Amino acid sequence: MSKHAINRKSPSTKGRQRDWQQPSSSLWLAPSLDSIKTITRFFSPYWLACIPLAAVIFVVWNGAVSAQEAEGPTPADVQVALNTIWVLIAAILVIFMNAGFAMLETGFCRQKNAVNVLSKNLIVFALSTISFWVTGFSLMFANIGNGFIGAGGWFLSSNNAETYGVPGGLPIAVFFLFQVAFAGTSATIVSGAVAERIKFVDFLIFSLLLVGVSYPITGHWVWGGGWLSALGFKDFAGSTVVHAVGGWAALVGAAILGPREGKYRDGRINAIPGHNMSIATLGCLILWIGWFGFNPGSQLAVDAAVPYIAVTTNLAGAAGGIAATVTSWAKDGKPDLSMIINGVLAGLVAITAGCAFVSYWGAFVIGIIAGVIVVYSVAFFDNLRIDDPVGAISVHLVNGTWGTLAVGLLADPNIPIALPENPVTGLFYGGVNQLINQLIGIVGVGLFTAVFSAVVWMILKAVFGLRVSLEEEINGLDIGEHGMEAYSGFVKESDVLVGSRASGISEVDLASRSEGIGK
């Protein structure tokens, strides 16, 4: 048998590959493709690869254009979507401010009370959320044509935006989330002023009532279409509605509660320094950042006013910090870090009412004055024997009031974002009525909040006893109220006091004074 015959019967692997490739080769050699082969000689393989890619792009693009021509979002739809996203981000920034308050207050207080302060700042937002959901949101925003109080749509039950007066097509859920973040802030302010001696349960109950009843009623007057809104009172983001309300509640609570043991003795004011200025400074910076959700977010829309408000906010905060530094340096001989922190916060609180109504220079002036005021305000309340461990009353009440009043003085009708049909004009720009409206609003909101707070604090004192025992205060609320420590294993102030009897308090005195203070 010849070699060729053998190969035909038992072809090699190489032969099989040639047989497999032959049909495709024969197809490419077909005469009908000569013209295509001629064209492809002038192009590199990379260019040839672009041909199917271009075809895919053309098909997809044509489909997208056809879809847009058929049905697409209108400019109004896009604006609502942008507004929704921005307000949601702003709400998250304001909620994150709770971390700032927690760090600030904990750092300004002693280490033996750190768990207590942290617990209050964490639980207060949870309580505020539920309380505002149940009653607060409806009392504040539900429109029943009543200038004093809202009602209806309880538990966020209505799907009609008109029930709550939601502006700009925002979803009800986003508007609620933004507003509940503000409500929680008012209760958090109280926490710092009554720190280191209040019973945990009393603070929880007061927070529920403040956010669920008092705060939304006065808020309705201003932001819910109430009588102050009709009068012309202006508080853009809450110098009075949020900060002064929290400040009034804190002032009344601190006055009824009394000072910490050892703060005022033998006619002297004794400094009780905080245990960690590092986290207090971190808290201040977190709050500063959060304020860019607080103030610009209150525009409730994405437009040219948002960056303008952000700049006025930042200018006032910066000016307040610088002014407080210089003032405390001149007054006490040293630049006090606690005053720098409170100066920044004072400037931010003060500009909150007028951030959309004043010029850049006006924001700077408001911040400078706030920084000076806060330093002397802290000393003023100390002289009145009202103990405020973190300076919350001076920052939020005093400078919230100053910022609200400043709208009646410095509101500029010529700023770029001023509404031409309804400009806000302060006294220095020829308007007198605005200043009168601001004064009425300050007094009205302050009087209602102070009376409400006094009634609630007094009832709590009678029912539960407002203050912890003296022994518990000396040992620290972390152990007495929570049964745990923030810094387990570290030496505490109470260990030193008990070991050395440096406090100068006998066992008999301790027992008798505990009975008196705990009532």
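User: How many aromatic pairs turn up here?

Analyst: The count comes to 23 aromatic pairs, and keep in mind that this is a predicted model.

User: What makes Phe-148 and Trp-221 a pair, and why is it called tilted?

Analyst: First, the general idea: two rings are described by how far apart their centres are and by the angle of their planes. The centres of Phe-148 and Trp-221 are 5.5 Å apart, and the cut-off for pairing is within 6.5 Å, so they count as a pair. The planes make an angle of 45°. Under 30 degrees would be stacked and over 60 would be edge-to-face, so this one ends up as tilted.

User: Why is Trp-221 called buried, and what is Phe-148 called?

Analyst: Trp-221 has a relative accessible area of 4%. Phe-148 comes out at 40%, which falls in between the 20% limit for buried and the 50% limit for exposed, so the word for Phe-148 is partly exposed.

User: What makes the pair of Trp-221 and Phe-448 edge-to-face?

Analyst: The centres of these two rings are 5.5 Å apart, which passes the 6.5 Å limit for a pair. Their planes meet at 70°, and anything over 60 counts as edge-to-face, so that's the name. Trp-221 is in helix α9 and Phe-448 in helix α17 (residues 433-463), so this pair ties together parts 227 residues apart in sequence. Phe-448 has 22% relative accessibility, so it counts as partly exposed.

User: Which rings are linked into a cluster?

Analyst: Ring pairs join Phe-132, Phe-137, Phe-141, Tyr-164, Phe-175, Phe-176 and Tyr-215 into one.

User: Let's switch to Thr-106. Why is Thr-106 called buried?

Analyst: Its relative accessible area is 2%, and buried means under 20%, so Thr-106 qualifies. Thr-106 is in helix α5 (residues 75-108). Setting aside residues up to four places away in sequence, Thr-106 touches Ala-114, Val-117, Leu-118, His-275 and Ile-279.

User: What is the volume of the largest pocket, and which residues are closest to its centre?

Analyst: The volume is about 980 Å³. The lining has 36 residues, and Lys-234, Phe-236, Ser-298, Gln-299 and Phe-357 are the closest to the centre. Helix α8 gives the largest share of this lining, four residues. By type, the lining splits into 22 nonpolar, eleven polar and three charged residues.

User: What lines the second largest pocket?

Analyst: This second pocket holds about 720 Å³ of space. There are 29 lining residues, with Lys-263, Asp-336, Ser-338, Met-339 and Val-378 nearest the centre. Helix α15 gives the most, five residues. The lining divides into 15 nonpolar, six polar and eight charged.

User: What makes a space a cavity rather than a pocket?

Analyst: In a cavity a 1.4 Å probe fits but cannot get out, whereas a pocket is open. The model has two cavities of 30 Å³ or more. The largest cavity has a volume of about 80 Å³. It has 13 lining residues, and those closest to its centre are Phe-101, Leu-104, Val-390, Ala-392 and His-396. Helices α5, α8, α14 and α16 each supply at least two residues of that lining.

Technical notes: Residues numbered from 1 in each chain as written. Predicted model: local features only at pLDDT ≥ 70, side-chain atom pairs only at ≥ 80, totals over all residues. Heavy atoms only, no water. Buried < 20%, exposed > 50% of the residue type's maximum accessible area, 1.4 Å probe, protein only. Contact = heavy atoms within 4.5 Å. 1 Å grid on protein atoms, 1.4 Å probe; cavity = no way out; pocket = protein on both sides within 12 Å on 5 of 7 lines; lining within 4 Å. Points joined across faces, edges and corners; volume = space filled by probe spheres on them. Nonpolar A, V, L, I, M, F, W, Y, C, P; charged D, E, K, R; others polar. Phe/Tyr/Trp six-rings, centres within 6.5 Å; stacked < 30°, edge-to-face > 60°.
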